[in-house]
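Hello,

Here is the structure I promised to pass on. Please open it alongside this note, and my findings follow below.

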Amino acid sequence: MLKRLIFGVAFCGLMYSQPPAASPAKPDSEAVKVLIEKAKKAGGPMWAGEQHFFCEAPRANSPNDPPIEPTKIFDNVYVIGNQGTVAYVVNTSDGLLMIDSLSADETETQLLPGFQKLGLDPAKVKVIVVGHGHADHFGGTAYFQEHYGSKIYIAAADWDLMEHPPAGRGGKGPPVLPKHDQMIVEGQPIVLGDFKIMPVAVPGHTPGSMGFIFPVKDNGKTYTAAMYAGTVLTPGIVSDEGLQTYSKSVAHFKEETKKARVEVELQNHPLMDPIQPKLDKLQARKKGEPNPFVLGQGNYQKFLDVMSACTEVNIARRKGV
Ligand SMILES: [Zn+2]
């Protein structure tokens, strides 16, 4: 019971920042309803589920989110985890690179069994890139650092967050902390063999939250993918300042992903755009059919437009507009 309690505190929706400010029972004002309509229009039918999640029905990831089948989703990319939180493994010419690493207590139940099912050797993980300093993303890093010498990359501000959690939050500390290692810095690519990730700073959820832009291959063809790895799932716990910063970060990520012509949308918390239906589609995919993770440049931008519009909704609710 105690373990479960500590584990829960470390989860993304619950650890960082302020207690909820708004009462969920309060009906939306006309001004907020107008902003919700704007978000619906921004996303269109493709992103109606995402709009509903971010604007109207947010929820945190949970230790009870059902596991997914570990799956190869691109020629060079594998996904492991559960319907609330996933890690990606990228095969490069010089070993494996992992993006995020689930929670520490999922190392033996989900992460390592995933490697085994996919026929991947965890000892070949040379680099782990962590999207932000919460324990449901860096939890597995200490194991890989200790057993396989994997290099761990996290933004400086989130190394600090992990090593000095805010008072009253995660007071007993995260379950397992990796030894201080490499820094992620916007604009400085992280390279392993023939593979390169471009980090983009997107503070808001945490001070060192990052977004990533990187190439994926589908049947030999290269596409550019992006992952916004500091998504605010439950705005109620983020400070006013945090939400404003987040809004600017989404705009910044929009610029960078537009420039990079991103057309593949990947998530570390695939709650607002469920991953299971995509994995089902992949499994049933026939030759010549598109990869369900490849959405096209316009649709990727619309995905970010909905994040942005719903952040405005949440800011307006907070202000009592
Ligand atoms: Zn988080």
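A word on terms before the sheet: two strands count as paired if DSSP finds at least two bridges between them. Helices (H or I, at least four residues) and strands (E, at least two) are DSSP runs, numbered from the N terminus. Please keep in mind that this is a predicted model, where local features need pLDDT of at least 70 and side-chain atom pairs count only at pLDDT 80 or more, while totals for chains, interfaces and linings use all residues. Residues are numbered from 1 along each chain as its sequence is written, and side-chain values use heavy atoms, with hydrogens and water left out.

Now the sheet. Its 5 strands run in the order S8-S9-S10-S11-S12, forming an open sheet with mixed pairing. Strand S8 (190-192) and strand S12 (264-266) are the edges, each pairing on one side only. S8 joins strand S9 (residues 195-201) in the antiparallel sense over 3 bridges, and Leu 192 stands opposite Phe 195 in S9.

Next, the packing. A nonpolar core here is a set of buried (under 20% relative accessible area, 1.4 Å probe, protein chains only) Ala, Val, Leu, Ile, Met, Phe, Trp, Tyr and Cys residues joined through side-chain atoms within 4.5 Å. The largest has 34 residues, and Tyr 228, Phe 253, Tyr 300, Phe 303 and Met 307 have the most contacts inside it. Helix H8 (240-259) and strand S11 (221-228) are among the elements that each supply at least two residues of this core, but helix H10 gives the most, with 10 residues. A second, separate core of 33 residues includes Phe 195 and Ala 225.

Best wishes

Key:
Buried < 20%, exposed > 50% of the residue type's maximum accessible area, 1.4 Å probe, protein only.
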